[in-house]
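Please read them alongside the sequence and the coordinates.

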Amino acid sequence: MASSTIDLLSNEKAFEDFISSTISEELGGLKVVHFKSDWSEPCKKMTGILAELKSDVETNNGVSYGEVNAEELPAISMKHNITAVPTVLLFANNKEIDRVDGLRKEKLTSIIKSYVKIL
């Protein structure tokens, strides 16, 4: 079973490196990034949901999970139109391909599973 710790992307370079990294030359992989705030209870729940998804083989195959403190990295938050937390963005090939605003476990799980099948 994979580690269920979600990587904290604590600066702009870490964020850019995370979304642009590839698993292999052929496979870029899916990157799931949770924009959060430490004070938000829904964000704490979302972190737990992402840890569950990371440890599940159906939603971990070729998927990398990371978190950004939206208030500590305002330039990244503004660039990606983060207006509320929790917001989860999905990236592939260094591009945003989908997003889930709010605490919506079923929708997020379904979206991740659908991309795991095609990426």
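1. A contact here means heavy atoms within 4.5 Å. On that basis, residues 24 or more positions apart account for 65% of the contacts in the protein chain with a separation of 6 or more. The model is a predicted one.

2. The protein chain contains four helices and five strands, and their order along the sequence reads β-α-β-α-β-α-β-β-α.

3. Of the 119 residues in the protein chain, 42% are buried. The accessible surface of the chain comes to about 6,500 Å², and carbon and sulfur atoms hold 51% of that area.

4. Helix α2 (residues 41–55) and helix α4 (residues 105–118) have axes that come within 11 Å and cross at roughly 35°, and the crossing in which α2 passes α4 is right-handed. On the α2 side the contact is made by Met46, Ile49, Leu50, Glu52 and Leu53, while α4 contributes Lys105, Leu108, Thr109 and Ile112. Sorted by class, this contact of α2 with α4 comprises six nonpolar residues, one polar residue and two charged residues.

5. Is histidine 34 buried or exposed? Histidine 34, which lies in strand β2 (residues 30–36), has a relative accessibility of 0% and therefore counts as buried, the cut-off for that class being under 20%.

6. Leaving aside residues up to four places away in sequence, histidine 34 touches Cys43, Met46, Thr47 and Leu50, and also Gly66, Glu67, Val68, Pro86, Thr87 and Val88. Met46 and Leu50, which are among these partners of histidine 34, also belong to the α2 side of the contact with α4.

Note on methods. Residues numbered from 1 in each chain as written. Predicted model: local features only at pLDDT ≥ 70, side-chain atom pairs only at ≥ 80, totals over all residues. Heavy atoms only, no water. Helix = DSSP H or I, 4+ residues; strand = E, 2+ residues; numbered from the N terminus. Buried < 20%, exposed > 50% of the residue type's maximum accessible area, 1.4 Å probe, protein only. Areas by Shrake-Rupley, 256 points an atom, 1.4 Å probe, with all protein chains shown as cover. Axes fitted to C-alpha atoms, helices over the stretch in contact; angles between N-to-C directions. Left-handed = near helix turned anticlockwise from the far one by under 90°. Nonpolar A, V, L, I, M, F, W, Y, C, P; charged D, E, K, R; others polar.
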